[in-house]
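Here is a short report on one protein chain. Keep the structure open while reading.

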Amino acid sequence: MLAEYAAVVFADPARAEANLSRVEARLPVSLRPALASLLAQTPAPDDALNFLERFLRADGGAPSGILAFLEENPASLHYLLTVFSFSRFLSETILQQPDLLTTVLRPPRSSDAAAQGPQGIERTRTAEELDDEFDHFQAASSNVPPAVVLARFKRREYLRIMLRDVLKLATLAETTLELSQLADLLLERALRMSASALAAAYGTPESSPSGGGRQPCALAVLALGKLGGHELNYSSDIDLMFLFAADGETTGGASGTITNREYFVRLAQALLTLIAASSPEGTVFRVDLRLRPQGSEGELVISVPAAAEYYRTRAREWELQSLIRARGAAGDREAARLFLKEIRPLVYQREFRLEVVEAVLNAREQITRTLTRRQTRRGIARLASPADLVLEAPPEPPARNVKLSPGGIRDIEFLAQCLQRLYGGEDPWLQAAPTLVALQRLHDKGHVSGRDFNLLAAAYEFLRTIEHRLQLRDGLQRHQLPEAPASLDRLARRCGIEPAPGPAAPSPGSVLLVRLAEHLDHVREIYNRLLLRQRPEASRTRPRAGVAAADDAAGPALLRRLTEEFPSLGAEAAQLTAGLESASYLRRGLLRYLASALLSPVVMERLEAEPERLGRAAALFERSDLAVDLLCRHPEEIEQLANPPRQEQPILPFSRTVAQRADDLRCEYRLAFSREVAAQLLGASEGPQPAPFLFLERFTSLAESALREALRLAAEESFEHAVNPRVLQPFAVLALGRIGSREMSIGSDADLLFAVADGLTSAERERWRRIAERLVQIVSSHTREGVLFAVDTRLRPRGSEGELVPTCEALLGYLTADAAPWEAITFLKLRPVAGNPELGARIVEQAQAALRARYAGQAKAAEMARELARIRAKVEQDAAAPRAKGRFKKMPGGFYDLEYVIGYLAFAHGIAGVGGNTLDQIAPLASAGALDAQQAETLRLTAALYRAADHATRLITGRPLAGWPEPALAERVARLLRQWEMNWQGELRPLMEERGRLLRELYSHVFS
């Protein structure tokens, strides 16, 4: 190797020497003297030289024009080697598009520099300049697909931003701001591209405000997380939420008109396809939508009023905390601004709230558990043989994850956000999204000392720098430090840690680990101290993680305050919690409720006057997290929730305007729902059928009453006068799914089908379509007064693409000629619930007769069996996903096995009258001989146990059963089932698993 390269430390000297010989032959002569010193300055000279050799190859390398550009601009070689040394994925971009050098790295022209100051990579681009750059770039890419244009522009800008970053021409704040502004621009342009095609098909969405007239309505794209805080890194997911201002419909286009909701759902889907789908240039961004209302289970697009209502009544503390960094990133910025202004008082409340601290502590505990599980899996994966396994406590997660390790980036962010929520209600100046800005303002106001601020800010910059270097290498979302010493050394050099002179000097990687440990320790100490300071009675020792830790610290302070300010209530609470451990469901629920009730002086006065109300509710606190949640949202309803349902009270007792009566309906439904929850938690099953079918019937009756009232309100709004049964004669609302089988439970959707009589004019059909849409809106919208329940209309003919309100003739024609086997068994649950009952009953009778005729005969039955088995196998496969929705009913031996058996046998044997709840569906099959006595008993016992366990889980947790219950949940469920007089031998989970095995055997036998 040439002497001038002796100072360059190559990991593979032989390969480096071969590369140098090829590079020297191709590199312009004027640049050769500088190559050795430039390589010596790079953190990874092997990588830099390898990519340079590929860049300079005569066959497939950079064209001669680019080499001439390098010679004319010698500084560009430095920039080129920097990219090659820091980032593999950006190096590949340059190899594929070498002309990027001339656009990204061109130095400023003298006239421009004199007039405007530094240009090129030496200055930050404004959002306006970035927008202009995209216009020029798009104009030069007229024949390129939109997704490729977006991805290529992102790569080009990443080159510029990356060089400013690693060459220390930009601060951390400037780098993350430029990355965030680039993401905003790409979102905005992708939204415009997506909207143009939809506008041609359906026109422009408009709303009709109360003041009259029609106004354009646009989609608001909210950014949360790092993008929302202008803190994006090189490989962040972008957290998004989609909102629209108001309901309405489009102005119409080539494909007609659709509702605003449907338009914006399609627009959001098109936007996601454009930026998240794979293209030849890769994806533009990975998108995470789990921070939207109700997370993965929520609607893709939600109206501003519905979103605001969700955060007012249902959002958890961590969801409110996530809104600190929410902002409008694209689309309707004004709608986003108004929404955030409306919910800001929920995020930053004036009262001190222990739940804010609990949310952060619980999040830390969950993160630590996740890291521990990952470390355990990695350790097991490295075992040479099973004999190497030593049973011992799970290892502490090593401090090598800059984001999630205790004291990492997430802890700094959560600490700042927790303090902002505690003090930002009184001082709006603290309501800043960027973490470093928030810490600075907290320091300025005295909530963080000067020493703590300096340590936190230094740690944040150090950790974010490591994060950026990790992600720049391959363009992947990495936060874990490498374990190989050579890789760790390269990372350290990329972070600016140079090797010290001398043979005994520590390696750059070991220095990095020492500095990392120091920063994590500083943050962890400050984190624990500042959070503990918020709780006067906190233990001097390190708190246990999770809810129990929060309760240990918060409980004494809360009880002491009660004793001082509300002595009777304090005595009652102390008696109820005496001797209970912090993990007690009763203690946790009681403390959560009291923390919420303390925010309402009226509620506290009533409780002080009648403290025994707390005692009557104690059984609910012990049995059900759902009951605790309901009471925490509405602490004034403690008396209502602890009493049995008052069946004599009508759901809608007032006669007011339609809008006011819709709110009355929601209030009364919520009260009736809460009373029903309390009654079922505290009472026993009383009825001819085993639990929980009587309970499910009562929830179904509530839902039906609400549907009938909602239909009446929607019709009165349309006809502008009171309606009677005669007005509703052309219209029927029919139920499918769980409401169709009278098995509605907590959190169940209502599967609805609408139909109108034949012979109506197009204008009359259109009126009933609007009434149906309005009914759905009244029932499923999140408002100030809450929500009734979700409505799903996708089981109608041809699903979401079909008519919302088909005529009877169209409906029966579809069922006769086109209905698939899975639709046929779904329609066994069809029954009328609102509208004209005679019309509904006639539709049900004709629909089921048409389906029996369609699948009559041995050949058709065999065809149905094959298709159902195929669909069932696909559903099982979907259920195997880690976060599959509805896994319990979809998995082998789940409830779908039972439904498929019942549905298939009903059609294969031509049995009419199969309806009602699951037990009622089994009875006619047994009577007709389609099931023998043992098979019928298997289905009955399994149906009763499954429905009971799922319903009990929903009553306890507010969520459906996700699989076989874990021990802690199984114990709570079993206790409730015994209260309902469902008795069995042994433990609940083994019994359910055995029932599942027997059900799967029966399913396999029927479909063999």
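## Overall build

Residues 24 or more positions apart supply 71% of the chain's contacts that have a separation of 6 or more. This is a predicted model. The chain holds 43 helices and twelve strands.

Of the 1008 residues in the chain, 55% are buried. The accessible surface of the chain is about 43,300 Å². Carbon and sulfur atoms account for 52% of that surface.

## An enclosed helix

Helix α18 covers residues 409-423. Its 15 residues should span 21 Å at 1.5 Å a residue. The C-alpha atoms at its ends are 22 Å apart, which agrees with that expectation.

How many residues of α18 are buried? The count is 14 of the 15, so α18 is largely enclosed by the rest of the structure.

Strand β1 (residues 205-207) runs antiparallel to β5, and three bridges join them. Look at S207: its bridge partner in β5 is G248.

## Aromatic pairs

The chain has 25 aromatic pairs. One of them joins Y855 and F907.

The Y855 and F907 pair links distant parts of the chain, 52 residues apart. Y855 sits in the loop between α36 (837-854) and α37 (858-879). F907 belongs to helix α39 (residues 895-908). Elsewhere, ring pairs link Y669, F673, F699 and F789 into a cluster.

## Two glutamates with positive phi

E720 is not a glycine, yet its phi is positive, near 60 degrees. Where does E720 lie? It is in the loop between α31 (693-719) and β9 (731-736). Its relative accessibility is 70%, so E720 counts as exposed.

E981 also has a positive phi without being a glycine, at about 65 degrees. This residue is in the loop between α42 (967-979) and α43 (988-1006). With a relative accessible area of 57%, E981 is exposed. The cut-off for exposed is over 50%.

## A buried arginine

R164 is part of helix α10 (residues 146-166). Is R164 buried or exposed? Its relative accessibility is 1%, so R164 counts as buried. The cut-off for buried is under 20%.

Which residues does R164 touch, leaving out those up to four places away in sequence? The contacts are I121, E122, R123, T124, L169, A170, E174 and E178.

Technical notes: Residues numbered from 1 in each chain as written. Predicted model: local features only at pLDDT ≥ 70, side-chain atom pairs only at ≥ 80, totals over all residues. Heavy atoms only, no water. Helix = DSSP H or I, 4+ residues; strand = E, 2+ residues; numbered from the N terminus. Buried < 20%, exposed > 50% of the residue type's maximum accessible area, 1.4 Å probe, protein only. Contact = heavy atoms within 4.5 Å. Areas by Shrake-Rupley, 256 points an atom, 1.4 Å probe, with all protein chains shown as cover. Expected span 1.5 Å × (residues − 1). Pairing = 2+ DSSP bridges. Phe/Tyr/Trp six-rings, centres within 6.5 Å; stacked < 30°, edge-to-face > 60°.
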